[in-house]
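This report walks through one chain. It covers disulfides, cores and a sheet.

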Amino acid sequence: MGAPAALPLLLLFACCWAPAGANLSQDDSQPWTSDETVVAGGTVVLKCQVKDHEDSSLQWSNPAQQTLYFGEKRALRDNRIQLVSSTPHELSISISNVALADEGEYTCSIFTMPVRTAKSLVTVLGIPQKPIITGYKSSLREKETTTLNCQSSGSKPAAQLTWRKGDQELHGEPTRIQEDPNGKTFTVSSSVTFQVTREDDGANIVCSVNHESLKGADRSTSQRIEVLYTPTVMIRPDPPHPREGQKLLLHCEGHGNPVPQQYLWEKEGSVPPLKMTQESALIFPFLNKSDSGTYGCTATSNMGSQKAYYTLNVNDPSPVPSSSSTYHAIIGGIVAFIVFLLLILLIFLGHYLIRHKGTYLTHEAKGSDDAPDADTAIINAEGGQSGGEDKKEYFI
């Protein structure tokens, strides 16, 4: 076979082995669309475009090959389907309140020679229902192990379930998936097992469902748990530093679930017990040195008992720094400061008066120096006598 005869075969081989999707010649009459994903109950817009319409109209058909729109003309009476745009180069429609049954391949066609089509796959997401938690009893005892179950239906694709206790993540079993009777959605379930402590009393166990249809929104259910535990006890004196002659209250503070119903007060070395009551305080109306010693308080509930101790040392009745003495000290300091200011003022005032008194005496002395003395006065008098007939004497 010569080279000229083999050239057509080589061209045919090259065309057959061209990579998929490669456009060896641009078809301007070929319409194009895009796949769409929509949440059930939402609205989806289907858009079909063509560059060269060849004087033909575009058409949309549903997965059942029913014509929805031919150009701007409605073909199927479904009020959910509305025309968005109709031009020679574009046909766009919208479908509102989308249902799971609307999922499938939609076809855009243009009736040229030959007829050209484009497909748009519409995926409808099923929204998972709010999860339900089961398996909780009325109350749990401390260190008891419990198992909770969580379930959510209606998701498409299947959702995922997670657990947490407050802000702490709980590691539950992997999510189990079961197809719903409609054949489209799924029911998911999960379980979590954990041991409770007294810190878990009043805690919320939360089951959350994660799904792309929620777009980050929280969809969860919580179960508050109650934990029963033995009481904790602490004795608190009032006042904190008791002295002889004062009134003293010893508060037996018991915390538990249930709360303690009975308190028993004892003093070491003394029998029988001092007091058994529903009140938690032991009262000393007037402290004596003999009241010193170690006191015990036992708090009792339906879950058990717990005991705490307090050593009482009655101090001498001498005063101790208190808020009133501090107040008096502050007042005394203020008074001393005011007296100090008054003394400073008096000193300055005395200095001022003395200084001005000295100035006044200086002026008096200068006035005496300017007056004539006695000899000068007598001479003046004698001079006057020789110069005139009247003779007068002046004495100063």
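How many disulfides does a search of the whole structure find? The search finds 3 disulfides, a disulfide being a pair of cysteine sulfur atoms within 2.5 Å.

## Basis

The model is predicted: local features need pLDDT of at least 70, side-chain atom pairs count only at pLDDT 80 or more, and totals for chains, interfaces and linings use all residues. Residues are numbered from 1 along each chain as its sequence is written, and side-chain values use heavy atoms, with hydrogens and water left out.

## The chain overall

The chain has 3 helices and 25 strands. Both are DSSP runs, numbered from the N terminus: helices are H or I with at least four residues, strands are E with at least two. Of the 396 residues, 32% count as buried. Buried means under 20% relative accessible area, exposed over 50%, and partly exposed in between, with a 1.4 Å probe and protein chains only.

The chain exposes about 25400 Å². Carbon and sulfur atoms supply 55% of that area. Areas come from the Shrake-Rupley method with a 1.4 Å probe; for residues, only the protein chains shown count as cover. Contact means heavy atoms within 4.5 Å. Among contacts between residues at least 6 apart in sequence, 60% join residues at least 24 apart.

## Disulfides

C48 and C108 form a disulfide, with sulfur atoms 1.8 Å apart. C48 sits in strand β2 and C108 in strand β8, so the pair links distant parts of the chain, 60 residues apart. Both cysteines, C48 and C108, are buried. The torsion about their S-S bond is about -75°, so the disulfide is left-handed.

C150 is joined to C207, S to S 1.9 Å. This pair also links distant parts of the chain: C150 is in strand β12 (residues 145-155) and C207 in strand β17 (residues 204-210), 57 residues apart. The S-S torsion is about -85°, so this disulfide is left-handed. C150 counts as buried at 2% relative accessibility, and C207 counts as buried at 0%.

C252 is joined to C297, S to S 2.0 Å. With -95° about the S-S bond, the link is left-handed. C252 lies in strand β20 (residues 248-257) and C297 in strand β24, 45 residues apart. Both C252 and C297 are buried. Counting bonded cysteines along the chain, the disulfides follow the pattern 1-2, 3-4, 5-6.

## Nonpolar cores

A nonpolar core is a set of buried Ala, Val, Leu, Ile, Met, Phe, Trp, Tyr and Cys residues joined through side-chain atoms within 4.5 Å. The largest has 20 residues. Within this core, L46, L58, W60, I93, I95 and Y106 touch the most other members. β2 (44-49), β3 (58-61), β4 (67-70), β7 (90-95), β8 (104-110) and β9 (116-125) each supply at least two of its residues. Apart from it lies another core, of 19 residues, including I133, L140, A159 and L170.

What does Y106 touch, not counting residues up to four places away in sequence? Its partners are L46, W60, S61, N62, P63, L68, I95, A118, K119, S120 and V122.

## A four-stranded sheet

An open sheet of 4 strands runs in the order β22-β21-β24-β25, with antiparallel pairing. Two strands pair if DSSP finds at least two bridges between them. The edge strands, β22 (275-277) and β25 (304-312), each pair on one side only. Neighbouring strands are turned by 15° against each other on average, direction ignored. Axes are lines fitted to C-alpha atoms, for helices over the stretch in contact, and angles run from 0 to 180 degrees between N-to-C directions.

Strand β24 (residues 293-301) pairs with β25 in the antiparallel sense over 9 bridges. Y295 stands opposite Y310 in β25.
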